[in-house]
Amino acid sequence: MKPRIMVTRRWPAAVEHVLAERFDTTFNQSDAPMSLAQLKAAFLEFDAILPTVSDKLPAAVFPDADSRTKLLANFGVGFSHIDLDAARERGITVTNTPGVLTDCTADVAMSLLLSVSRRAGEGERQLRAGLWPGWCPTHMIGTKVTGKTIGIIGMGRIGKATAKRAHFGFDMDVIFYNRSKVDDEEIRAMGARQLPTIEDVLARADFVSLHCPGGAENRHVINAARLGAMKRGAYLINTARGDVVDHDALIEALEAGKIAGAGLDVYDGEPDVPPALMCMENVVLLPHLGSATEETRADMGMRAVENLTAFFERRPVPDKVA
Ligand code: DGY
């Protein structure tokens, strides 16, 4: 008997093919996010559920007893949408897909940084609207990136990949905050400096790029006080999780001109995006595209397949987070 598994959203076709071959797989053909009630029911019917960031799995969704599901093989590196304690209490293993989306997410962080500072979104909107008055020395002047200082909050894989791009591609000085001490060759090679507090980074950085996990621990790490601690002409880039930034405080800081702009790929409560942000020219907004390349999404799927296969073959799962 093949294990019964539930895939909550459509995945890359090649990966769905592998899943269908190896497991008794149910796909959510509609690709609409499943409701809490549907997810709750799935725990009683399937041996594994394969959720992703658009599925909320709070404690209330986990069954009180008799969960048939023993594995949540998440499609994605972030897992703050899953209540890990609730999973642990019920003996449910949780896995993620680290490593394979590092480069693409760092690429999007740099895209946002460049787009917002060089006013790419604003310029494109102007041109498409037929409002470009033509070249002149004072048209749509942005901020130079090369040689500036980038401050990374959270120096994990994606933070390091972003730092590498900024340093080697744009000659930027790299400073960063990380909870634990980071001490490896890679960091030294790019002349990066670890500073003791987030405030130390904010006070010096021309660009602040967020790369820490979401969830309760980091909720609103960037709040009104910290936005106030940023340099006045600085930019905030978020490819981490929406809840890391207090959106109300961000809107206020942007409206008051306390910071120069923001580039965002993730939002608290996405896909809803605060209307105030949508109206601002100095904000670049992407629809959570960090890992959205053909290669990376296929790799993420195959990484989940490896976790599933190991679990049902009773081998240690490669990417266990709970
Ligand atoms: C992740 O993997 O956590 C991304 O945010 C979704 O691809």
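Is the crossing of helix 4 and helix 6 left-handed or right-handed? Let's work up to that in the exercises below.

This is a predicted model, in which local features need pLDDT of at least 70, side-chain atom pairs count only at pLDDT 80 or more, and totals for chains, interfaces and linings use all residues. Residues are numbered from 1 along each chain as its sequence is written, and side-chain values use heavy atoms, with hydrogens and water left out.

**Exercise 1. Describe how helix 4 and helix 6 pack.**

Step 1: Find helix 4 at residues 102-117 and helix 6 at residues 157-170. Helices are DSSP runs of H or I with at least four residues, and strands are E runs with at least two, both numbered from the N terminus.

Step 2: Read off the angle of about 50° and the axis separation of 8 Å. Axes are lines fitted to C-alpha atoms over the stretch in contact, and angles run from 0 to 180 degrees between N-to-C directions.

Step 3: Angles under 35 degrees count as roughly parallel, over 145 as roughly antiparallel, 65 to 115 as roughly perpendicular and the rest as oblique. Helix 4 and helix 6 are therefore oblique to each other.

Step 4: A crossing is left-handed if the near helix is turned anticlockwise from the far one by less than a right angle, and right-handed if clockwise. For helix 4 and helix 6 the crossing is right-handed.

**Exercise 2. Locate two backbone features, at P271 and D66.**

Step 1: E270 and P271 are joined by a cis peptide bond, with omega about 15°. P271 sits in the loop between strand 11 (261-264) and helix 11 (275-278).

Step 2: D66 is not a glycine, yet its phi is positive, about 55°. Look for D66 in the loop between strand 3 (48-50) and strand 4 (71-73).
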